[in-house]
Amino acid sequence: MSAPVTGRVLRTRGEGLSLRVDGRALGASLGLAVALVAVMLVTLTTGEYELSVPEVLAALVGQGDGGAEFIVGTLRLPRLLTALFVGAALALSGAILQSLSGNPLGSPDVIGFTNGAATGALLVIIVLGGGMTQTAFGAFAGGLAAALLIYLLAFKGGVQGFRFILVGIGISALALSVNSYLVTRASLHDAVAAHAWLIGSVNGRGWEQVAAVGGTLAVLLPVALGAARRLSLLQLGDATATALGVGVQRSRLVLIATSVLLAAVATAAAGPIWFVALAAPQLARGLTRVAGPGLASSALMGGLLLTAGDLAVQLLFPTSQLPVGTATGCLGGLYLCWLLAAQWRKGSYT
Amino acid sequence: MAEGKLHVTRLYAENLTLAYDERTVATELGVAIPDDSFTVIVGPNACGKSTLLKALARMLKPRGGAVYLDGKGIGEYRTREVARRLGLLPQTSVAPSGITVGDLVARGRYPHQRMLRQWSRADEAVVTEAMRLTGVLELSGRLVDELSGGQRQRVWLAMVLAQQTSILLLDEPTTFLDIAHQVEVLDLCADLHEHKGHTLVAVLHDLNQACRYATHLIVMRPGGQIAAQGRPGEIVTADLVREVFGLPCRVIDDPETGTPLIVPASRRSSPKATVVAGIERSGA
């Protein structure tokens, strides 16, 4: 009789290493990675100036001519990498929160981190009159403040998933109304700047954004992957997770903090990008069909969604510089309708 | 309790004060789980029986007193170390949607696994055996979402068995099951106790089932005190049931097992009145 579990078993002699690998999940992740590379190559080669793949590759390693190096190294690559890292960070943030709360609505843009970050950014733009860097710090602080407020309000001898989401939706609505109020108080110039920030975009993002989000990912992705097994046990409920030897409150605090930091940094870099954190983990799950958190595949899916979305707006609206946030927001609304309708039909919400 | 100190068991509690926020459930509670017993805790609603079980499983930190496992305060262990000695089937668990039976049972191996050692041959053998014992091996590829309540409870039990602990705590393992599945789960527990050497502690609602399966019965009264403990045949009397549950009854021998069987007294004393009531009900 074969193993009673799914996946393929890999064991070294002496079993110093023994792992289960889900073939389908691995294949799906590889497919996502290939699609991602393809999107990245197309993004780097197309645009107002067409470049060939060899020209792009030469520019990447510093062997290209000056024009190509400027286009790739200063214009296209930072924007592309910002989209990639922001997408991955948001998706990872969403995957963690959805697994923790056991609810597909448990996503940073639904439960108020994003609107809280926007409040922070608007305060800087309108009240303090800060520039782009200060705005990013304002957004970061706003996201953290919203998360802390949700955590404190939802805390009752521990934090439980569904309460976290409900309190989060309340905070989100509160932050949204504060944001509207701030915009009405602004001068025309500030209101335009605020509005531009409120539609998330990767236009004109430079290496400082790449470094900020990439660096955050480099630190927090390993943290999240290291906690993934504990996360998969937390999915079974607090009592079962404790019984199996998981320090529930500490693990949950680490995971929530990871999720909040990822969302806050991503929003600080690109402004509010809707839909990616909400949908990427679900779409990735649809491909991999794993029951666990699926963090790596979600991150790949998030990176792919945002890079492909940004490529699409560049190809479809080459002259208007449409922000990618508009596209994801539009798709996100449709996706949310579909998700709620599907859940309703399944009888999950009664 | 003086006896508790004379004969120290693997799992016992002393001077427990248990409380949720402001509400105190029990004070000065002392209890010892006899080694190799099938201990059942019974008592009226809200008497603190599930709370006691939670404290024994270190799910609830006592306000006062302590629970001891293998001679050391249970709070002094790392939670993973406790998980290698003591398993718990809580009242409610959540199966993530889309998980297969085998994968869920395999998660019970967590306290024995390490980062790079996630699925050894020993893990596989233990999981297979746990599923065989609970009769869910042939369901291994099925989705947990698609199972019936009885099957699902056996899957959870398999997961706890895969944890390979000699002490198992079960919080109302028969709730939500119909009577046939209740008996099936309790028979399985009795087998684990008799043939596999597990020490079992279960909270049950049904006094008759408790009397039938328990080798050691702990009867709690409202206010979180122990009214009686010992072999069911020696402690369960009509007086005890009336005192603890406020229920007038007769206690007879279970015709199947000879254990005490509680028959609640009818409110209508004469057989004639019962017949009349029956006619009234069918006429209504």
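**Close-up 1. Where α1(A) meets α3(A) in the predicted model.** On the α1(A) side, the contact uses A:Leu36, A:Met40, A:Thr43, A:Leu44 and A:Thr45. Facing them in α3(A) are A:Val72, A:Arg76, A:Leu77, A:Leu80, A:Leu81 and A:Leu84. Eight residues of this contact are nonpolar, two are polar and one is charged. Helix α3 of chain A covers residues 66–101. Its axis and that of α1(A) come within 10 Å and cross at roughly 150°. Angles over 145 degrees count as roughly antiparallel, so α1(A) and α3(A) are roughly antiparallel to each other. Their crossing is right-handed.

**Close-up 2. Helix α1 of chain A against helix α13 of chain A.** Helix α1 spans residues 23–45, and helix α13 spans residues 295–316. The two pack at an angle of about 25°, and their axes are 9 Å apart. α1(A) and α13(A) are therefore roughly parallel to each other. The crossing is left-handed. From α1(A), the contact takes A:Ser29, A:Leu32, A:Ala33, A:Ala35, A:Leu36, A:Val39, A:Val42 and A:Thr43. From α13(A) come A:Ser297, A:Leu300, A:Met301, A:Gly303, A:Leu304, A:Thr307, A:Ala308, A:Leu311 and A:Gln314. Eleven of the residues in this contact are nonpolar, six are polar and none is charged.

**Close-up 3. Helix α8 of chain A against helix α11 of chain A.** Residues 207–226 form α8, and residues 248–270 form α11. Their axes lie 10 Å apart, at an angle of about 165°. That angle makes α8(A) roughly antiparallel to α11(A). This crossing is left-handed. A:Gln209, A:Ala212, A:Val213, A:Thr216, A:Leu217, A:Leu220, A:Val223 and A:Ala224 make the contact from α8(A). Their partners in α11(A) are A:Val254, A:Thr258, A:Leu261, A:Leu262, A:Val265 and A:Ala269. The contact has eleven nonpolar residues, three polar residues and no charged ones.

**Close-up 4. The two domains of chain B.** Domain 1 is made of the segments 8–85, 165–185 and 193–231. Domain 2 is the stretch 96–164. Taken over C-alpha atoms, the centres of these domains of chain B are separated by 24 Å. At their contact, 14 residues of domain 1 meet 16 residues of domain 2.

**Close-up 5. The annotated span of chain B.** An unreviewed UniProt entry annotates residues 11–248 of chain B as "domain: ABC transporter". In the model, this span is 36% helix and 25% strand. The C-alpha atoms at its ends lie 34 Å apart.

Notes:
Residues numbered from 1 in each chain as written. Chains lettered and ligands numbered in written order. Predicted model: local features only at pLDDT ≥ 70, side-chain atom pairs only at ≥ 80, totals over all residues. Heavy atoms only, no water. UniProt positions renumbered as here; feature names shortened; annotations may be inferred. Helix = DSSP H or I, 4+ residues; strand = E, 2+ residues; numbered from the N terminus. Axes fitted to C-alpha atoms, helices over the stretch in contact; angles between N-to-C directions. Parallel < 35°, antiparallel > 145°, perpendicular 65-115°, else oblique. Left-handed = near helix turned anticlockwise from the far one by under 90°. Contact = heavy atoms within 4.5 Å. Nonpolar A, V, L, I, M, F, W, Y, C, P; charged D, E, K, R; others polar. Domains from an automatic or database assignment.
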